[in-house]
Amino acid sequence: ERIGQDSSYEQEGKVQFVIDAVYAMGHALHNMHKNLCPGKVGLCPKMDPVDGVELLKYIRNVNFSGIAGTPVTFNENGDAPGRYDIYQYQIRNSTPEYKVIGQWTDHLHLKVESMLWPGGGSQLPSSICSLPCKPGERKKLVKGIPCCWHCERCDGYQYQLDEFHCKRCHFNERPNENHTSCTPIPIIKLEWSSPWAVVPVFIAIVGIIATLFVVITFVRYNDTPIVKASGRELSYVLLTGIFLCYATTFLMIAEPDLSTCSLRRIFLGLGMSISYAALLTKTNRIYRIFEQGKKSVSAPRFISPASQLVITFSLISLQLVGVCIWFIVDPSHSVIDYEDQRTTNPHFARGILKCDISDLSLICLLGYSMLLMVTCTVYAIKTRGVPETFNEAKPIGFTMYTTCIVWLAFIPIFFGTSQSAEKVREEGGAGASVSLGMLYMPKVYIILFHPEQNVPKRKRSLKAVVTAATMSNKFSQKGGFRPNGEAKSELCENLET
């Protein structure tokens, strides 16, 4: 078999390495002979026999072009350098083929312009398992593959602590826009320009003006029968309580600090206590007078104006004692509440500056006012049969019934919403409006627009009135002379005078 250019013989691919190995030995012997036997032909004594260790040094130092045109050299370990052809599987014109795109000889030689990527593009893809995480994201490593990870965003109130961890911000902080650090949560308070403040302030101003108008009217017509019959001293006490209920609105809207919070504690329930104490004293007086009239003709004790004031202020003093104990047990101060407005989205989180008044403290504070109100309502029910012209018994009854309804509606609002102190302010204003409207506006209307009705009826002594009341009760048990207690009304309407 002949080997030639035109023959069909195909040489084994490894033969070139055998030829290069023979040439490497030949170049090494030639260089060794040149150095050890200069100018001589054949072996000289230094190469007879040949020293294999010395020959190895010459083999490792050869450098020539091999049969394939590639350089033949050896490294310090005696290994031939790697030489590789790099192919890429490509489809061109629907024909798949492996195309040489580079070589490796000590370092990489690539023909990037000859490379193709999925989709037919020539843009070089990223040669990484995972892309770098964005700011505010942590790396979650893939188990068993340390150079691959998933990026997880630090959500909620967390920020990026380091490359692999997120940490929750402090209770008074929130993460910034990209969750790389924490910033203080903005602090808000009820502003005077807020709709939640404008409406209550408007109602309070109207209520204060109406209260002052009633007080001025009563002072101006202080000696008229209607004013006298209403119990002037207790009326002024009651109007003071109504005024405080309205005025407390301004304390509830003012910026919370030590003085504001202290005044809130004092006046939050004081206005209602003054109002209900005065009403309770009035209804109790009426009840005792008519109960006494059933038993004897002697007047009951402690029905004079001075006695009524002492009783009223004694009831009010209990409220003040409770507030003083509260100050001792828990001194007043303002706090910033970060939980009430802690929304799911940290961007909308706010801290609320408010007074440190808990719901339990409010319940204890208002419990006394509610006790006065319930007791007053009980007496109002007991005196419901008293003539409506007698000492405003029936208007007080209607006032207490309405107030109870308002409070019953207020209880679920109190426990079902936040900022209970604000709800108490609204409740106090509603109760004050009921008392002012039902008890005093009809009297002012008669005093100003129907003065002909503001005249004294027949005057009788207290003894005569009590006796008449007793007789009236006896007659009423037998059926009564007149319907609807008119006989009783005629006899008893001037007891105050």
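Biologist: Which residue in β14 stands opposite I188?

Modeller: This is a predicted model, in which local features need pLDDT of at least 70 and side-chain atom pairs count only at pLDDT 80 or more, while totals for chains, interfaces and linings use all residues. Residues are numbered from 1 along each chain as its sequence is written, and side-chain values use heavy atoms, with hydrogens and water left out. Strand β12 is joined by two bridges to strand β14 (residues 350–355), and these two strands run parallel. Across from I188, the residue in β14 is I352.

Biologist: What is the order of the strands in the open sheet?

Modeller: The sheet has three strands with mixed pairing, where two strands pair if DSSP finds at least two bridges between them, and a strand is a DSSP run of E with at least two residues, numbered from the N terminus, just as a helix is a run of H or I with at least four. Its edges are β12 (187–188) and β13 (334–341), each of which pairs on one side only. The order is therefore written, following the strand numbering, as β12-β14-β13.

Biologist: In β7, which residue is the bridge partner of K139?

Modeller: Strand β6 (residues 137–142) pairs with strand β7 (residues 145–153) in the antiparallel sense, over six bridges. The two strands form a hairpin with two residues between them, and G144 in the turn has a positive phi of about 85°. For K139, the bridge partner in β7 is C151.

Biologist: Is L251 buried or exposed?

Modeller: L251 is found in helix α5 (residues 232–253), and, leaving aside residues up to four places away in sequence, L251 touches T260, L263, R264 and F267, contact meaning heavy atoms within 4.5 Å. C261 is 10 residues away from L251 in sequence, and their C-alpha atoms are 8.3 Å apart in space. Because the relative accessible area of L251 is 18%, and buried means under 20%, exposed over 50% and partly exposed in between (1.4 Å probe, protein chains only), L251 is buried.

Biologist: At roughly what angle do the axes of α1 and α2 cross?

Modeller: Where the helices meet, M25, A28, L29, N31, M32 and N35 in α1 touch E54, L55, Y58 and I59 in α2. The axes are lines fitted to C-alpha atoms, for helices over the stretch in contact, and the angles run from 0 to 180 degrees between N-to-C directions. The two helices are roughly perpendicular to each other, since 65 to 115 degrees counts as such, under 35 as roughly parallel, over 145 as roughly antiparallel and the rest as oblique. The axes of α1 (residues 15–36) and α2 (residues 52–60) come within 8 Å and cross at roughly 115°.
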